[in-house]
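Here are a few exercises on how two chains meet. Have a look at the structure first, then try each task before reading its solution.

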Amino acid sequence: MTDKEFINLTGMPSGTTGTITAIEGGYGLINRLNSLGIRPCKKVTKISSMIFRGPVTIEIDGNQMALGYGMARRVIVKPDDPIK
Amino acid sequence: MKILLMGNPNVGKSGIFSRLTGVRVMVSNYPGTTVGYTRGQMKLGDQTADVIDVPGVYTLEPTCQADEVALKMLDEGDLVINVINATNLERNLYLTLQLLEKKVPVIVALNMWDETAHRGINIDVDKLQKLLGVPVVATSAVTGEGIKKLVQSIPLARAPQIAAQERDARWVTIGNIIKEAQQLSHRHHRWYETLADATVQPLTGALLALVILAVSFFAIRFIGESLINYILDPVFQNLWAPVLMKLNGLLANVEFLRSILIGKLIDGQIDFVQSFGVLSTGLYVEFAMVLPYIISFYLVIGVLEDTGYLPRLAVLLDTLMHRLGLHGYAIIPTLLGFGCNVPAVLGTRMLESKRERFIAATLISIAVPCAALQAMIFGLVGARGIQYVILIYAVLFMVWIILGVIMHFTVRGFSPELLIEIPPYRLPQWRTFLQKLWMRTSGFLREAAPIILGSILVINILYLLGVFDAIANFTAPVVTGVWGLPKEAVTAIVIGFLRKDVALGMLAPLALSTGQLVVGSVVLAMFFPCIATFAVLVRELGIVNMLKSVGIMIVTVLIVGGLLNLILSSLTL
């Protein structure tokens, strides 16, 4: 496994897609993200991220949501196209 | 029988509620519109059933105060109508399964059915019904489709026998249901979706936000001023003034009554701003100064709410709001505060932590002037030059930022990160849009109007009794010494506790310099919130935190008013 095979949502370029592989967090965080549909095996498209460690906007199953930088960093994604 | 409407946020529960009961409720396009619960009644055969519109939740494990409200309700219900968003079936079914495990009778309203077709979603309702084991009805609260069938299904509801599951097992169950009951056809990103996404990109988003907020501001001003200049002011000047002058003649021998009802004549004529009688200034302030701005504000904010722009604004402003100890979503109650602080403070319930709610509510009650006060600022200060109006907004904005930063560093507790759903853009629906505008406008007329007239009555009586002179002498050191206002201005500050608009109106006859008027406006905006806001603050924060909030307010208003006076008087404004 190389470094670039898995990245977190903050490192993912806007406009690209990938598959969520893990959420690195406690029960509470996983629960909250899950209930919004952010969970492993889901296809995710990154829409945007705000500057200065602002929130990240993503789309899953055609529905958009925004999550804070700290949370986004805990969502691990396998990008569809490997990142150079 | 008690029927609960439950479901994820922003799936249209309030829309269904309104269809079932005929009760008017606020419907918008952002999660968290409903923060308390609304009750209504509906006919079921020859019985009446109570229907309760419960705030939206994603799971039965609470994450904020609005969630807790929702969960407490669950114990009371005899039946749950689980409203789910058909365009987001998978996620919505999580709550559905949790509800089914609770063994309460459930029926499922598959809402937003009208949006599925163009989003390439095909759901087999019969199959879904079989898999869930409870009635499922496709509905659209917007068009009314399926509502009748939903009502007919209520007697069919029963509690299914489903064993409780762990989280991951639940998702597996949902996965299986989805595989059988839903088909998605692939669909390309449309051009307007790319355009929509531009509003959450850092650069284009910020530019568009500036444009949207500027357009909103000028639209509010334009509509408000047009209503005043072309309709309401002419009505008062041409139709009402002659009537009052007649009445004035009739009351010539009853000076006490005349001065209360009509007030001082200026150059032998009624001056609707300065006369200060109940029937002159009282009615004028209410209908010709404040009401037009209430209408125009809620017209514009209604468009922002119903299109779904507000959650995007929350994303854009999240980083800034974190500096104030809040997260982006706090901008929504803050914006509502520019209409009225009461629903704004209630709206802070959508924030997750106590600390956030304290900071947000304190900032709203100190630094966010309500529409009524703003209308008066436009009317009175705007007459001296628009730059002074801008100055007032700039000062309040700085207070908002600086006070927020200070509270961020001093208030204990934690502020969680932003985690929100961003609804698709939608066109406002006339029915719900006008209904909401009507509810807010009539709410103002019903609740604020009697207080406006009543406080002018009280002011006149207290003046005649000389009570204000005593207060004025007592508070002169602060009012005159610190803020540089004439000591009579204290009466306005006292009345500000009842109504801010009337209070600012009381400064009109005092012949203040422009600088004094600016200081007076800022002090009135920041000092004690009106009594209605005060009551919600006590209810939402508790006595202790409300006292803390008031303490912060008093210190801030003394400092800011004093500094502003020093600066403006040295500029001899």
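**Exercise 1.** Which side chain meets that of A:K42 in a salt bridge?

*Solution.* Start with the ground rules. This is a predicted model in which local features need pLDDT of at least 70 and side-chain atom pairs count only at pLDDT 80 or more, while totals for chains, interfaces and linings use all residues. Residues are numbered from 1 along each chain as its sequence is written, chains are lettered from A and ligands numbered from 1 in the order in which they are written, and side-chain values use heavy atoms, leaving out hydrogens and water.

Next, apply the salt-bridge rule: a side-chain nitrogen of Lys or Arg within 4 Å of a carboxyl oxygen of Asp or Glu. The partner is B:E90, at 2.7 Å from N to O. A:K42 sits in the loop between α1 and β3 of chain A and B:E90 in helix α3 (residues 89–101) of chain B, so this pair joins two chains. Helices (H or I, at least four residues) and strands (E, at least two) are DSSP runs, numbered from the N terminus.

**Exercise 2.** Find how many salt bridges cross the interface of chain A and chain B.

*Solution.* First, search the whole structure: 18 salt bridges turn up over all chains. Then keep those across the interface of chain A and chain B, where the rule finds 3. One salt bridge to look up links A:R32 with B:E352, whose closest N and O atoms are 3.3 Å apart.

**Exercise 3.** Describe the contact between the two chains.

*Solution.* Count residues with heavy atoms within 4.5 Å: chain A brings 33 and chain B 30. Now take the buried area, meaning the accessible area (1.4 Å probe) that two parts lose on being put together, summed over both. For chain A and chain B this is about 2,800 Å², with 51% on carbon and sulfur atoms.

**Exercise 4.** Work out the strand order of the open sheet that contains β11(B).

*Solution.* Strands pair if DSSP finds at least two bridges between them. Begin at the chain boundary: β5(A) and β11(B) (residues 419–422) are antiparallel over 4 bridges, and A:L67 has B:L419 as its bridge partner. Within chain A, β3(A) and β4(A) also pair antiparallel over 4 bridges, with A:K46 opposite A:I58. At the edges are β1 (7–8) of chain A and β11 of chain B, each pairing on one side only.
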